[in-house]
Amino acid sequence: MNFSKIAISCFAAFACIAASAQVNKYCMESPDGKLHADFWLQDGCPTYSLNYGETSVILPSGLGFEMRGVLKSEDISFAKDGGVIKKDLHPGIMLNGGFTIKEITHSSFDETWEPVWGEESSIRNNYNEMLAVMEKCSNDGV
């Protein structure tokens, strides 16, 4: 194997690694641009970070969900009188991976209101928000 074939093989391997490491980040900023939040899926796990200017306030962190005391359909039966008989609850189901993003929407809100009393004559409520609609892909019995 000559040098050019080795170089091409190494380049192809690095290109594959770079492509697989590519992550779609969804960004949102505060109305004044000082706060910057990122949201993405890291190996199917919802992940976020927050910066204030150039300073990291929240380093990349996974957002996991745990459902405690979950009832599944096989855990419920009906008595002759129509009452529900519950069996043991499952201890918990972790929902920290296996997600895909279905939709991302952004919206903004800006209003000024006058309090009845207090030091301020008017208060401004101004923010941006992002909604991430996700779907659980893997079948964990949920």
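**Entry 1: the model.** I am working with a predicted model, and I began with the charged side chains. I looked up how many salt bridges there are, and the structure holds two.

**Entry 2: lysine 102 and glutamate 135.** I found the side chains of lysine 102 and glutamate 135 meeting in a salt bridge, at 3.9 Å from N to O. This pair links distant parts of the chain, 33 residues apart: lysine 102 sits in strand S9 (residues 99-113) and glutamate 135 in strand S10 (residues 123-136). Next I checked accessibility. Lysine 102 has a relative accessible area of 52% and is exposed, while glutamate 135, at 39%, is partly exposed.

**Entry 3: arginine 124 and aspartate 110.** Here I found a salt bridge between the side chains of arginine 124 and aspartate 110, at 2.6 Å from N to O. Arginine 124 counts as exposed, because its relative accessibility of 54% is over the 50% cut-off. Aspartate 110 reaches 47% and counts as partly exposed.

**Entry 4: strands S3 and S4.** I then turned to another pair of strands. S3 (residues 45-52) and S4 run antiparallel, joined by five bridges. Looking across the pair, I saw tyrosine 52 standing opposite threonine 55 in S4. Two residues lie between the strands of this hairpin, and glycine 53 takes a positive phi near 65°.

**Entry 5: buried or open?** I asked how many of the eight residues of strand S4 (residues 55-62) are buried. The number is zero, so strand S4 lies largely in the open.

How values were computed:
Residues are numbered from 1 along each chain as its sequence is written. This is a predicted model: local features need pLDDT of at least 70, side-chain atom pairs count only at pLDDT 80 or more; totals for chains, interfaces and linings use all residues. Side-chain values use heavy atoms; hydrogens and water are left out. A salt bridge is a side-chain nitrogen of Lys or Arg within 4 Å of a carboxyl oxygen of Asp or Glu. Helices (H or I, at least four residues) and strands (E, at least two) are DSSP runs, numbered from the N terminus. Buried means under 20% relative accessible area, exposed over 50%, partly exposed in between (1.4 Å probe, protein chains only). Two strands pair if DSSP finds at least two bridges between them.
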